[in-house]
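Let's take a friendly walk through the backbone of this protein and stop at a few places worth a look. Have the model open beside you as you read.

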Amino acid sequence: MWPLKLACLAAVCGLTVCVTGGMLYPRESPSRERKELDGLWTFRADFSPDRSAGFSQAWFNQPLAETGPVIDMAVPSSFNDITQDAELRDFIGWVWYEKEAWVPVRWLQDKDTRIVLRVGSAHYYSVVWVNGVKVMEHEGGHLPFEADIDSVIRKEMGMPCRITVAVNNTLDLHTLPPGTIQYMNDRTKYPAGYFIQGYNFDFFNYAGIHRSVLLYTTPRAYIDDITVDTTFSDSTGFVFYNVSVVGTAKPVVKIALSGKDGRCVATADGTSGILKVPEVNLWWPYLMHENTGYLYSMEVQLMAESGQIDVYVLPVGIRTVEVTSSKFLINKKPFYFHGVNKHEDADIRGKGFDWPLIVKDFNLMKWMGANSFRTSHYPYAEEILQMADRHGIVVIDECPGVGIKDIHSFGNKSLAHHLVVMEEMVRRDKNHPSVVMWSVANEPAAEMPPAAFYFKQLVAHTKSLDRTRPVTFITDSNYARDLGAPYVDVICVNSYLSWYHDPGHLEVIPIQLNTEFDNWYGKYQKPIIQSEYGADAVPGLHNDPPTMFTEEYQKQVLQNYHKVFDQKRKEFVIGELIWNFADFMTSQAITRVVGNKKGMFTRQRQPKSAAFLLRERYWTIANETGVLPTWAKYPCQ
């Protein structure tokens, strides 16, 4: 079926996707404006048998309401849980969004203003039209894409512009994450055309426009990208910068770095150079220092030969990251990850961006004493990383490489796309001080023969994009047969002892976990993070002695793991990330009762018993550093 095979889209859309230019977060400045298009959009799912009616009938050429029945749809949000329609909740194929928006007259009248349409993310494959003219397409569900739409909207000044976005959530063996489409052809059991979307990851395949859609402006000559690397020596900080500009052959670039008090601390001229910062305030992780999450403001000013001026202000945290054979160092001090794995997941909105939820989650993480999280299993919204920068929460930034289990997903086509995804992710997130490590995959079939070449290329490519951060992937393979582990800087291991393995037998955790750690370190001599561990607990379910799925059993699993962590963190274990921060939705299965229940909090962010256990532990570990001010020490609220 054509619409379920994304490779065939090229025949209709005719574009080749490649990573070019920068992807700076749209910030307002004296030379830049932005207009958000969030809110109610018109929506229609293409329920035609082959899901191709929208293209064959060219729905993008007319108002969507004229093509057939439409409904209101919130943007940003997943479409799956918005209605009472189970068919829409489980829909696979093309869905169509439309929004009419007025472009400010001053934008249109000023010929020196460049107008850009940006989509924060849409899952999975997207095609975008403005007034019926295709302006861009993008593969991948968690990273932004944008296009200059000047030439389109200036043709119809005085009229609102009609933005149409078609999104396909189909996953195949070469998407990231991969999946399969299985057609059920037994007519005694299934209706004609019946198919099932399969995938090897344990979270619901939410779809739709998940992050903000907006218009923003720049001058014709503009700052396209900025890259900063930082270090320090004694009390002097150094910011190495590089600025890319477009639209002028003779750019004049001025840089000014200011502290939180607004005082300028360093200046420089030119598209590349070094800023020297005396009496530097380093960016420190939460609970590692009295002054955490310190950010400077780097104002970049471009003047073109035409006289046009563009200004962009980039927050900059000055810090270093280094990995030894047994330590993870931030600012040359040992850092221990005591944190969480998360999901972008909540009631009704699915994976849709939601500020109240984000603020609540950061408050809960800080309440717990968590100093870090992993963006399992895809890049999170840019605003989440900005929050992490400000609050000093350390981030392991993970791409959507989850569920790579089939040998066909290790082929050249999959690898080529995976490399592009890493380029897009590094391009977007490279300047965040909170991001200290890249993760290129989660629980791949790393024992398969093609995995060696695949991960050698993938890790090397990621390092070529950013030589300042270590690279890892998260493994659940046997230490002796993992073909990707030789290429990573930090070993990240997932295990669910006494849950998926030896279920109900808590007594085996210490011996098995000790053996696992010793085996990995003995073979690779690299620091280890317990990147996932945990157990499901149905909120309010109790039993003593503890039994599986009770809150007591979840606590016992954690306590048995913690005993081993406390031994091994004196040697080579550098972190522990609980699975999971909060309960989250999954596909329906006999092992899941309305989602995964391994959270420390419910999906509604109410604590289970284990949340208090973890809070006690994390604050105890933080207090061991001896640098916390009195007011910050547990158990102060």
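Start with leucine 287: at 5% relative accessibility, this residue counts as buried, where buried means under 20% relative accessible area, exposed over 50% and partly exposed in between, using a 1.4 Å probe and protein chains only. You will find leucine 287 in the loop between β19 (272-277) and β20 (296-303). Helices (H or I, at least four residues) and strands (E, at least two) are DSSP runs, numbered from the N terminus. Leucine 287 is not a glycine, yet its phi is positive, at about 75°.

A word on what you are viewing: this is a predicted model, in which local features need pLDDT of at least 70, side-chain atom pairs count only at pLDDT 80 or more, and totals for chains, interfaces and linings use all residues. Residues are numbered from 1 along each chain as its sequence is written, and side-chain values use heavy atoms, with hydrogens and water left out.

Now move along to serine 498, in the loop between β30 (491-494) and α10 (509-524). Is serine 498 buried or exposed? With a relative accessibility of 0%, serine 498 counts as buried. Its phi is positive too, at about 65°, although serine 498 is not a glycine.

Next, turn to the peptide bonds. Histidine 123 and tyrosine 124 are joined by a cis peptide bond, with omega about 15°. Tyrosine 124 sits in the loop that runs between β6 (122-123) and β7 (125-130).

Which residues does the cis peptide bond with an omega of about 10° join? Here the partners are leucine 176 and proline 177. Look for proline 177 in the loop between β10 (161-168) and β11 (180-183).
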